[in-house]
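Hi everyone, thanks for making time this morning. I'd like to walk you through one structure, going from the overall picture down to a few single residues.

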Amino acid sequence: MLDNDREETAVSPHTLTTYAEKPAFIVGIGASAGGLEALEKFFTNVEPRTQLAFVVVQHLSPDYKSLMVELLSKHTTLPVYETTDGMIVEPNAVYLIPRKKTMTIFHGRLLLADRKPEEGLHLPIDIFLKSLAEDQGEKAIAIILSGTGSDGTRGIRAVKEAGGMVMAQDEQSARFDGMPRSAIATQLVDYVLSPEQMPQELMKFVQHPYLVGDARVKPPLTDDDNLNKIFALLRSFSGVDFSFYKQNTMGRRIERRMSINQIDRLSDYLNYLYRSQAEVNTLYKEMLIGVTRFFRDPEAFEELRTAVIPAILANKDAQDQVRVWVVGCSTGEEAYSLAILFREAMEAANKNLDVKIFATDIDKEAIDFASRGIYSESVAADVSHDQLRRYFIKKSDSYEIMRHVREMVIFARQNLIKDPPFSKIDLISCRNVLIYFQVILQKRVLAIFQFALQHDGFLFLGTSETVGSDQEAFFPFHNKWRIYQYKGGVRPLLQTTAPIMSQAVPPAVTHSRAYALPFVDERRAREHTLYRTILEQLLAPALIVNEQLELLHAFGDINRFLQVPSGGRVSLSITKMLRADLSIPFSTAIHRVLKEQEEAIYNNVVVRHQDGVTVVDLLARPFTEPVTRQRLAFVQFREAERKTTDAAAPESYDRYQGASQRIKDLEQELQYTRESLQATIEELETSNEELQATNEELLAANEELQSTNEELQSVNEELITVNAEYQAKIQELTELNNDMSNLLGSTDIGTIFLDIDLHVRKFTPAIQREINLIDSDINRPISHISHNIEGCDLMAEAEIVLDTLVSRQRKVRDRQGKWFILKVMPYRTQDNAIRGVVMTLVDITELEMANQQIAYQENVLRKSPHAIISVDHDLRIVNWNQAAQTLFGFTFQEAVGKEIETVLRTQYVSERREQVWTAVHESGLWSGEIRQTSKDGTVFPILALISTIKNHGEQQTGMVWVNRLIAGTH
């Protein structure tokens, strides 16, 4: 049935701001061992502007700092934050759980709480997904990636219950498939994909017209015709009519399936259902989402434990039976929870009663799952440690209900509306089932409950359900947890459901023949009634009995042969209903028929009854039921004929002779049975004593191993996560180390790294030309290494830097006359700790020679008797020597930056100006006579030499004027 739980961190600027923009959906991602690789693949394929928020919850070690922010940021353009308490969730961002914390969400804010070591099994994914479902409802999306164990299974149940969507990584692509496999086993997962495929399907889902509120798309509830056809198809497939379930709920679930299949119109979805039986089954499962867990709503179960169950047991004697009916049991957790509570209550009251819990559901697969009694490890979060030890057996990665608890529960498939109910029930648990029914079905179900409950029996509903108008029959026992006590009165008549169901029959569906709509074959029903009437009138009184001697069927008037016992519990045992005269011949005949598969006939059996005496012939024949292959016996009572001439007629039954023979046979069987039983008892007593001692030892050892195993598994998951982070970091450091090695190898700067003891740690190839280092010199003191540098003590230089922590730099020369800059500085780590010394040698020989040449040229320029003037390509004065300043009378500041022809009023004598500059540009050189004027107005005849200046690329950058007075003019 349907059924509805102090470190430095990257601080987002929106941590304490108002909730300005809400994400369209919040995606909760659970990952554990192997999850880093899956997360990287997932976020690599996530688009930058999705309007979604992603919250990643992992199993992190409390002892190691997580590197997830740094590692994940390399695979997405979305900002990645390590969550702080109270952080607001905004779209287009990724939020990571910190270590040593559990995380929940409330009103769009992420809330952190310290993880408590004493809490036992740590399930952070379940905790977050449950809060996500409660906070976001249909806007919640859950994704389960690689990991061991079953964390997340309970969380996805809550998300589905709230109307959200669930994805799980396929087992083939998961490095550890425990968590995805456990999630998929719930049959609640909407998508099973690899991490690379998930983002694309996720965006298709959230952008579906139904989810974004596209007004152009017609909602399913407005298309009555196609909606009724879908309900008819589901009824044909499963036998369940959803017409009188709440239409809003059904409509939302149909919309979700349409969104997942990317179908916009209901008519198209109906056609898809006709083509795909798998989708029909999936939709049927979607309608019957059963979300439950052990001791759901612990306070409500505490009320049952302390008040309701003791009240039931107080009114029961040793021979009485306690009868409980769990309606919509889904996968059985609630039924087993009640069984555990009754077991504990009987132990506390020192009573040993026969408790029968009838757990029913319309979903056959859920019933089959519940019957196995095997659940994931996550049940440890719902039951106490003592209950886990006493009522569960740990098997690999699951827990199995112990046999003595399973035997208290009887699981059966039942349609609550159509099938007959149980009777004489002490407690009915029907939680979160009525909320899916329309009022007409709710009243029908409550009438069924009134029929089923004993006087003063209890009804346990969900927190959102009430008994409605039936408050006179049901007294509120506990208002908050919707526990009612039935006060009896006139029991309602259980009418057929035909009047309701006939209203829901949809129009005929002629579109496809994939499924035939159910109908009642009236002709066959009439034939069945006719045959039954003929048998009743013409067949002699007869019975059908099974191997347990239970009456299965009766034909004709059998009141002369059977009598219903008065008082006590009604039983179908034929031996208790036979009249005394028939007991021995009937038992003898049945024994022969069932054990030896032979026909048995006894004549002239005298039967005394209230109307007198009847003499009958008893005929018993064996036969096998064709469907179940069960052995049955057909027994017929015929009126005895007084005379017979047939020499081969069956023997007349001698009551006393038959009784004597029967007693003799039974005594022999009893003696043999006693001897065998005595030998077996002696063997069992010996074996039992040995097994008892062994069992006690194994129980103690099992408890220790179970506790140790849980701790080791938790530690193992954390270490796998840490290892994955460090593997990624090691790969990154390896690449960085390779980059540094190539960089240092390609540079001409000689570098040597010394540790804190001034031993050689590392060096570049360039340093080997001046310091005599080989690879085997690593870890040797620098003082042991010879070098070619004159007048320099490398050891002393390094010690000074270590003492003062101040860098030193000096110019040095080697024995071949090369010049270098020696720089010695402290080796500092990122946290500013000193871990040694770094020395560098930069070859400056060419620079030094150039400087010497420049100094020589400057000296020549300064001492030359000729006026030498440097100009740029625009003929602006850049520099001139002392002779030019003396000749023309201008200071350096007055002349620099001004055009030479303007300042000195140059006149060309030997050639025209155009010819002069053409010669300069073509040949780079010109000489001839010019006239120039000094500052005081004196005109000098000058023999000028103009030469161009070029850089290394042979591009002209300027010119040099060498001016010499013509002899005899000064």
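Predicted model: local features only at pLDDT ≥ 70, side-chain atom pairs only at ≥ 80, totals over all residues.

The exposed surface comes to about 50,700 Å², and carbon and sulfur atoms supply 50% of that. As for secondary structure, you are looking at 28 helices and 36 strands.

Now let's zoom in on one helix pair. In general, two packed helices are described by the angle between their axes and the distance between the axes. Here, helix 8, residues 224-238, packs against helix 11, residues 277-287, at an angle of about 95°, and the axes are 10 Å apart. That angle is why helix 8 is described as roughly perpendicular to helix 11. Who meets whom? From helix 8 we have Ile230, Phe231, Leu233, Leu234, Phe237 and Ser238, and on the helix 11 side Gln277, Val280, Asn281, Leu283, Tyr284 and Met287. Sorted by type, the residues of this contact are nine nonpolar, three polar and no charged.

Which residues have the most contacts inside the largest nonpolar core? They are Phe242, Trp325, Ile428, Phe449 and Leu459, in a core of 53 residues. Helix 17, residues 439-452, gives the largest share of this core, with six residues. Apart from that core lies another one of 46 residues, including Val324, Ala345, Val379 and Ala380.

Let me stay with Leu459 for a moment. If we leave aside neighbours within four places in sequence, Leu459 is in contact with Ile428, Leu446, Phe449, Leu453, Val467, Phe474, Arg482, Ile483 and Tyr484.

Arg482, on that list, deserves a look for its backbone: its phi is positive, about 50°, although Arg482 is not a glycine. You'll find Arg482 in the loop between strand 19 (474-478) and strand 20 (483-486). Is it buried or partly exposed? Arg482 has 22% relative accessibility, so it counts as partly exposed.

Asn604 is another non-glycine residue with a positive phi, this one about 55°. Asn604 sits in strand 23, residues 600-609. Its relative accessibility is 29%, and therefore Asn604 counts as partly exposed.

That's my tour, and I'm happy to go back to any part of it.

Definitions and conventions: Residues numbered from 1 in each chain as written. Heavy atoms only, no water. Helix = DSSP H or I, 4+ residues; strand = E, 2+ residues; numbered from the N terminus. Areas by Shrake-Rupley, 256 points an atom, 1.4 Å probe, with all protein chains shown as cover. Axes fitted to C-alpha atoms, helices over the stretch in contact; angles between N-to-C directions. Parallel < 35°, antiparallel > 145°, perpendicular 65-115°, else oblique. Contact = heavy atoms within 4.5 Å. Nonpolar A, V, L, I, M, F, W, Y, C, P; charged D, E, K, R; others polar. Core = buried A, V, L, I, M, F, W, Y, C linked by side-chain atoms within 4.5 Å. Buried < 20%, exposed > 50% of the residue type's maximum accessible area, 1.4 Å probe, protein only.
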